[in-house]
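Here is a short briefing to read alongside the model. Take a look at the chain, then follow the points below.

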Amino acid sequence: MATKRKVNNLLALAVLSVIVQRPMHRYEIAATLRAHGKDRDMDIKWGSLYTVVQNMEKAGFLEVVGSERDGARPERVIYRITDAGRTEMADWTRELLAAPEPEHHRFTAGLSILAVLPPDEVIVLLGTRIAALERTIATTRAELAALTLPRLFLVESEFGLAMLEAEANWARSLRDELAAGTFEGLELWRQWHVDGMPAEQIPELGERGTD
């Protein structure tokens with residue numbers, strides 16, 4: 001079970017991961033996060049950065065060490081990570097690496113109501129998805145090949161590529177089953193879109209073993 005954290009927002013972990021390098025103000029934090037591509041790795045909502053930094057200071061993970069002013073711009077408060085912040089960063093990272101959690105995926109949502117569309121349309125839609133995934137996979141492979149960073153800083157991109165490849169392979173397998181007519185219950189599915197889908201034939205969630 002995930003730990004209940006004082007600041008339970010992955011943006012907080014992203015902030016800790018960059019501010020551990022040196023003290024920064026919020027604008028520098030945001031610029032460093034973007035430069036490191038953290039918005040590709042985590043669901044970062046930039047508009048909440050101010051609040052997250054404030055909450056982290058209240059929680060004792062960051063502390064103010066000074067401020068600076070650049071011309072007529074507003075004064076910028078500079079923060080640094082505390083010992084408590086370092087402990088939180090390490091503990092949170094351990095949890096993310098070791099403890100799997102259910103993650104909602106938009107594709108899963110679509111698959112869960114697949115039957116509302118006729119099989120032939122699903123075949124076409126899966127083909128569109130597979131083509132898009134293949135383009136993304138090719139781009140990601142090229143980007144990874146062009147990078148000269150140590151592998152330590154690329155493992156999240158490797159994982160993302162592996163997940164894209166697995167999804168493309170699975171979607172391709174499903175499409176091929178549908179196209180070949182070997183998908184179990186395919187004819188019943190087709191008939192539903194001729195006669196209408198009888199509610200009594202749709203299994204309840206509990207019948208699928210997910211009570």
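Is Glu 165 buried, partly exposed or exposed? Glu 165 counts as partly exposed because its relative accessibility is 25%; buried means under 20% relative accessible area, exposed over 50%, and partly exposed in between (1.4 Å probe, protein chains only). Please keep in mind that this is a predicted model, where local features need pLDDT of at least 70 and side-chain atom pairs count only at pLDDT 80 or more, while totals for chains, interfaces and linings use all residues. Residues are numbered from 1 along each chain as its sequence is written, and side-chain values use heavy atoms, with hydrogens and water left out.

**Domains**
- The domain assignment, which is automatic or from a database, gives domain 1 (10-98) and domain 2 (106-198).
- Taken over C-alpha atoms, the centres of domain 1 and domain 2 are 36 Å apart.

**Aromatic rings and charges**
- There are two aromatic pairs, counted for rings of Phe, Tyr and Trp (its six-membered ring) with centres within 6.5 Å; planes under 30 degrees apart count as stacked, over 60 as edge-to-face and the rest as tilted.
- Phe 107 and Trp 170 make an edge-to-face pair, because their ring centres are 6.2 Å apart and their planes stand at 80 degrees.
- This pair links distant parts of the chain, 63 residues apart: Phe 107 belongs to helix H6 (residues 106-112) and Trp 170 to helix H8. Helices here are DSSP runs (H or I, at least four residues), numbered from the N terminus.
- Phe 107 is buried, at 13% relative accessibility, whereas Trp 170 is partly exposed, at 46%.
- Phe 107 also has Arg 129 over its face, 3.9 Å from the ring centre. A charge sits over a ring if NZ of Lys or CZ of Arg is within 6 Å of the ring centre and within 35 degrees of the ring normal.
- Likewise, the charged end of Arg 34 sits over the ring of Trp 46, 4.0 Å from its centre.

**Helix positions and distances**
- Glu 165 lies in helix H8, and its C-alpha atom is 19 Å from that of Ile 123, 42 residues apart along the chain.
- Ala 31 is in helix H2 (residues 26-35) and is partly exposed, with a relative accessible area of 44%.

**A loop residue**
- Leu 152 is found in the loop between helix H7 (119-146) and helix H8 (155-180).
- Leu 152 counts as exposed, at 61% relative accessibility.

Conventions:
Helices (H or I, at least four residues) and strands (E, at least two) are DSSP runs, numbered from the N terminus.
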